[in-house]
There are 2 protein chains.
Amino acid sequence: MNVMTTIYNFAAGPATMPDSVINQIKEDLPSYANSGMSVMEISHRSALFDGIIDDAKQDLRDLLGIPDNYQVLFFQGGCTLQFTAAPLNLANNYHRIALLDSGHWADRARDEAQRVGTKVDVLASTKADHYTKLPVLKSLTQNTYDYLHITTNNTIEGTAYSELPDTGATELVGDMSSNFLGQQYDMKKFGLVMAGAQKNLGIAGLTIVIVRNDLIGKVKNLPSMIDYDLFAKKNSMFNTPPVFAIYTAGLVLKWLKEQGGVSEMERRNRQKSGLLYDFLDNSQLFTAPVEKAARSLTNVPFITGQPELDTKLIAQAADVGLLNIKGHRSVGGMRASLYNAMPYAGVEKLVDFLNKFEKNNR
Amino acid sequence: MNVMTTIYNFAAGPATMPDSVINQIKEDLPSYANSGMSVMEISHRSALFDGIIDDAKQDLRDLLGIPDNYQVLFFQGGCTLQFTAAPLNLANNYHRIALLDSGHWADRARDEAQRVGTKVDVLASTKADHYTKLPVLKSLTQNTYDYLHITTNNTIEGTAYSELPDTGATELVGDMSSNFLGQQYDMKKFGLVMAGAQKNLGIAGLTIVIVRNDLIGKVKNLPSMIDYDLFAKKNSMFNTPPVFAIYTAGLVLKWLKEQGGVSEMERRNRQKSGLLYDFLDNSQLFTAPVEKAARSLTNVPFITGQPELDTKLIAQAADVGLLNIKGHRSVGGMRASLYNAMPYAGVEKLVDFLNKFEKNNR
């Protein structure tokens, strides 16, 4: 591969980051803010880091419109650890939660909740449709669940909720990892939102939890590293936080503000994914299997139906700098992830390539 | 502060890293190994990352002499999460562990084990001595514990075990965070070793667990993010690992090999800490409170006994580029952390400064 080729990285996460953020990280080495130390070497109990974490929290509040009665917490361990933490902190009344089975990550959430003794009722599933649709909540009039868990965007299957289910009096918990900050939701509709940073918020190793105050502090003697109330009281620094990942997130958040915030990101993501979906829907070779109403703005799976051709395509794409379009191993085919940092030009180049590939492989 | 002053960062962690590692990280931006992507953006399911994680594991094995029947695992969440994980995975027979109370982090380990229902017997404590000595294990002939937990180096109190306690048939679990790779221990004497990366292995957000094969896989239905057996089977990639922190650790490990390995690091750490302890023991102003036999090679607390003078000293030290020598808030006074990446010249400069300060403040 010619290293002078412009690279577009369509990986599902860890994923492409804004060029200006990468450049800033490079510029901040070896000395951050004239300190003589890099961010990797500064104490989390320092004024330098206080500035970093406080800015990141405030910028998240501004960008997402997080109400004052919600905490913004920084954890480690990905949403997989939050699939343990959320039921242990929140499922303290009925010890039972509801779940919409929209794919791989919803199923993981079910499994982890059950491992810690929480009962899980799957109220709807689209497994029989190979998750090409979203499960629909019929009604939830009986409030016998501590919360309903949904995956707002399904990274592997390429579906996303554009409207949130009406849960009535039941709290809504959203795993928002793969469209966090890329699609607008009303935070007030959630009791808790969780999101890994490695899609739209920088590097792997940081997980955001946004949770309403009245839901936490009800369970005593939790392991400290999953205790929401403790993390709220300690400003997410009960022990050493992932300093560099929080700094990186902070840079991404400042970039997001400069770019126009989440509404502008959603507009761009609709434009980018629209370009690709339009091409796929008009193609004779490619198919986008997800039904239109359920389509994700950030993760676009597509297939030829011929695995050997898929393999050839993925290799040829890499040769021209279109990287990581291989589909998840559980689904096969291709997948293009179009997170906030993916420019429109990258999607244009991808569509142009797919178009030529189709002509050459009729 | 003049930014041209040479900076020495004595922080207890996150801590100073080797200059050559920081330079390599900078050089690897924005494109790692001619990939067109930075390490922050590469998939953990890529050949590029496979090389990084496999090298890091092998280099750890080489440097520490880890026997083949031990796993090397990468976790998130610090040792605080391992204080939960170790009892849940290992304390499955007697549901009771023994512990030597050598200070803050031993007490944390006790607390977290008890939170998950494990009984903890503190067999010896030096709390009454303000932890200026190490607790001595009388004898452990009765094997009624799943393991004995020790903190090999006490970051806050400045003590370290140079000889490991004889636990007989009882397994030994060591929290080695602050002298991991800085002092030699026989890994075969441990059933499990845990260590946070942010002292001697790079950046915060990565925790190493080294555990003997026969101790894991005995408990079913653990939360996945603390399941040693699952992490062993998934090469520490059940979900997205902290890619950049593992890459950084890998660079530090290669630097350690070039420098001569752990025996050479211990020699240098003895030399560095010896220089400082000798000065302190001969000073009329300063006192090193820890008894000689128990002194840490990597964390050196010292006091004047006059809090106002301490404050003045810490500020004056920072003015000449000797950063972060303030003691932990629970202890007060000063502390110099002399991890592997701290050069001898830094300690010379510190001793020279302390010597002048003493002459000016008799």
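Helices and strands here are DSSP runs, numbered from the N terminus, with a helix needing at least four residues and a strand at least two. Keep that in mind for the element names below. What you're looking at is a predicted model, and its scores are ipTM 0.97 and pTM 0.97. For chain A, pLDDT averages 96, and 99% of the residues score at least 70.

Let's start with the backbone of chain A. Most residues other than glycine have a negative phi, and most peptide bonds are trans. With that in mind, go to A:H130, which sits in the loop that runs between β4 (119-125) and β5 (148-151) of chain A. This histidine isn't a glycine, yet its phi is positive, near 55 degrees.

Now for the peptide bonds. A:G13 and A:P14 are joined by a cis one, with omega at about -5 degrees. You'll find A:P14 in the loop between β1 (8-9) and α1 (19-27) of chain A. Another cis peptide bond links A:L29 to A:P30, and there omega is about 0 degrees. A:P30 belongs to the loop between α1 and α2 (47-64) of chain A.

Over to chain B and a pair of packed helices. Two packed helices are described by the angle between their axes and the distance between the axes. For α8 (residues 307-319) and α9 (residues 344-360) of chain B, the angle is about 135 degrees and the axes are 11 Å apart. Angles over 145 degrees would count as roughly antiparallel and those from 65 to 115 as roughly perpendicular, so α8(B) and α9(B) come out as oblique to each other. The crossing of α8(B) past α9(B) is right-handed. On the α8(B) side, the contact is made by B:L309, B:K312, B:L313, B:Q316 and B:A317, while α9(B) brings in B:F353, B:L354 and B:F357.

Last stop: B:R110, which lies in helix α4 (residues 104-115) of chain B. What does the side chain of B:R110 make a polar contact with? The partner is the side chain of B:D107, at 3.0 Å. Leaving out residues up to four places away in sequence, B:R110 touches B:L99, B:V120 and B:V122.

Key:
Residues are numbered from 1 along each chain as its sequence is written. Chains are lettered from A and ligands numbered from 1 in the order in which they are written. This is a predicted model: local features need pLDDT of at least 70, side-chain atom pairs count only at pLDDT 80 or more; totals for chains, interfaces and linings use all residues. Side-chain values use heavy atoms; hydrogens and water are left out. pLDDT is the predictor's confidence in each residue, from 0 to 100. Axes are lines fitted to C-alpha atoms, for helices over the stretch in contact, and angles run from 0 to 180 degrees between N-to-C directions. Angles under 35 degrees count as roughly parallel, over 145 as roughly antiparallel, 65 to 115 as roughly perpendicular and the rest as oblique. A crossing is left-handed if the near helix is turned anticlockwise from the far one by less than a right angle, and right-handed if clockwise. Contact means heavy atoms within 4.5 Å. A polar contact is a pair of N or O atoms within 3.5 Å; within protein, one must be able to donate a hydrogen and the other to accept it, and residues adjacent in sequence count only if both atoms are side-chain atoms.
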